[in-house]
Amino acid sequence: MASSPLQMFLTCLLLLISICHGQPSFRPSGLVLPVRKDTSTQQYVTAINQRTPLVPVNLVVHLGGQFLWVDCDNNYVSSTYRPVRCRSAQCSLARSNSCGDCFDGPRPGCNNNTCGLSPDNPFIRTATGGELAQDAVSVRSTDGSNPGRFTSVPQFIFVCAPTFLLQGLASGATGLAGLGRARIGLPSQFAAAFSFRRKFAICLTSSTSSNGVIIFGDGPYRFLQNTDASASLRYTPLFINPVSTASAFTQGDPSDEYFIRVNSIRINDKPISINTTLLAIDSEGNGGTKISTVNPYTLLETSIYRAFSAAYIREAAARNISRVAGVAPFDVCFSSSNVFGTRVGPAVPYIDLVLQGQNAVWTITGSNSMVRVNDDVLCLGFLDGGSNPRTSIVIGGYQIEDNLLQFDLAASRLGFSSTLLGRQTTCANFNFTANP
C-alpha cells in the first residue's frame, strides 16, 4: 500500500528525532573531512570516528554511494551499536524491503528482527546482504576556513558488511563513504542532525602527499591565500536518473548518483559532432552524464570517444604536438617535447563541456586532461567506455581534481569551479590547522 503524506511526514520526523537525540547544544554550520588520494589504487580515502569508544575508520569515498557501510566482521566493538529493527522509521527511510533474523549472533552485523540492505563495492562490482544499524559518529565542525571542535551524531545509520567486500579497496580502508542522494547518505544524515541545508562540496587533490577536503553544509570554502572558491562557482542542474545504477536495487528505485546534462563538447572552441541522443537519459535509465569517484578517468561512449579523440589529435597537431604510441590504458598519447608548462598544466588544447544553464561551461585544461606517464610522454586521460554503456559519459576522478564541486541536493544543482590552479590555489590548500 502506498504511504500517505502524513505517514511520510511522521517517518521523517521520527528519523530526525532519532538522529538528533542526545545532541549537544553546539550546532555547527558545517562539517569537514580530509580526503587523500591513494597511490596504488587511485581511490580517494577519508576518515571518520565511529563507535563507543571512538575509533578512526578509513573509508573509500563513493560520490554516488547510497550510504555508509563498514566491515563489522573484523573486531567491530561498540557499546552504542544498535541494529535497526524491522518496520521502524529508520528502516522505512532507508527504503529497506528486507527483514530477517540471524542465528549466529547476537553481534554487530548479526541480529534478529532487523532490516537489511545491500552494500556494494563498485570497484569489484559486487553487492551482498548487510544489517542496517546505528552507532555514534564523530567528525570535526568547520566555518569553511579551518576545522573546529569535534561534534557527534549519536545514532548515525549505516550498514554492516562482511569482510570480503573490502576486496579491491585501498589498503587500510574498512568501508565505503556514500555521498549520494539517498536519505541515509552522509550529506542527508549530517544535514538532518545539525539542521543545515542538504549541500556538500568536494575538492579532490591530485597530490598523494596532501589532503583534499569534503565540506558538508554551505560555503564559504576558503583555501590558503584566503581564497573563497565558492565565489567562482557556475551552476548547472542535477538530474535524477529514474532507474537505479547501484549493483543491487529494488524495481522502481531511482539512481542516487549525480547526473548532469552535457549539451555539447568543444575542443579549442570548436564543437565536435556527436549523437546528441546519447546525452539524454532515456526511460530505461540509459545515457546521460554522471560524475564518479569510482572511475579514475573519464569514460566516453565509443562513438563519442572516436569523434572526441580525432578532434583532439587534429588540434594537437596544429600546435606541433607529436602523437606517439599509446601507453595502457590510454590510446592517445603525445610527445612532451613541444609541450610547455603553464599554471593550469601542460599547454594543450582546452576541452569545454557545455552544460545546461547560463554560462555553464566546464573548461578542462591540461592539468585535468593530460596524464604524464613518463618524462617524455603525455596521454589524454579519457578512455573508450564501450559501444553500449549504461551511461554515455562518466566524468572520472582525474578530471575533477583541483576543481571545487558543490552538490546542492535540496535545489538539485551542481556548482563547479573548473580548475582552481588559475586562481593560484589547489584543493590541497585547505587549512587543516584546527581551531580550538
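Modeller: Searching the whole structure turns up one cavity of 30 Å³ or more. Here a cavity is a set of points, on a 1 Å grid over the protein atoms alone, where a 1.4 Å probe fits but cannot get out. The largest cavity holds about 50 Å³ of space, a volume being the space filled by probe spheres set on the points, with grid points joined across faces, edges and corners. Its lining consists of H62, G65, Q66, F67, W69, D120, L176 and G178; lining residues have an atom within 4 Å of a point. Sorted by class, that lining has three nonpolar, four polar and one charged residues. For these classes, Ala, Val, Leu, Ile, Met, Phe, Trp, Tyr, Cys and Pro count as nonpolar, Asp, Glu, Lys and Arg as charged, and the others, Gly among them, as polar.

Please keep in mind that this is a predicted model, in which local features need pLDDT of at least 70 and side-chain atom pairs count only at pLDDT 80 or more, while totals for chains, interfaces and linings use all residues. Residues are numbered from 1 along each chain as its sequence is written, and side-chain values use heavy atoms, with hydrogens and water left out.

Next, the open space. A pocket is an open set of grid points with protein on both sides within 12 Å along at least five of seven lines. The largest pocket contains about 810 Å³ of space. It is lined by 34 residues, and P122, R125, K290, V294 and N295 are the closest to its centre. This lining divides into nine nonpolar, 18 polar and seven charged residues.

Now to the sheets. Helices (H or I, at least four residues) and strands (E, at least two) are DSSP runs, numbered from the N terminus, and two strands pair if DSSP finds at least two bridges between them. Five strands make an open sheet with mixed pairing, in the order β18-β21-β32-β22-β31. β18 (259-260) and β31 (382-384) are at the edges with a single partner strand each, so one side of each has no neighbour in the sheet. Within this sheet, β22 (residues 298-300) and β32 (residues 393-395) run antiparallel and are joined by two bridges; L299 has V394 as its bridge partner in β32. Helix α4 (residues 302-318) lies across β22, β31 and β32, at about 135° to β31. Such angles run from 0 to 180 degrees between N-to-C directions, with axes as lines fitted to C-alpha atoms, for helices over the stretch in contact.

A further open sheet has four strands in the order β23-β24-β30-β29, paired antiparallel. Its edge strands, β23 (323-324) and β29 (370-374), each pair on one side only. α4 packs on this sheet too, touching β23, β24 (333-335), β29 and β30, and its direction makes about 10° with that of β24; contact means heavy atoms within 4.5 Å. β29 and β30 (residues 377-380) are antiparallel and share four bridges, and V377 in β30 is the bridge partner of N374.

Finally, there are eleven salt bridges, each a side-chain nitrogen of Lys or Arg within 4 Å of a carboxyl oxygen of Asp or Glu. One of them joins R95 and D256, whose closest N and O atoms are 3.2 Å apart. This pair links distant parts of the chain, 161 residues apart.
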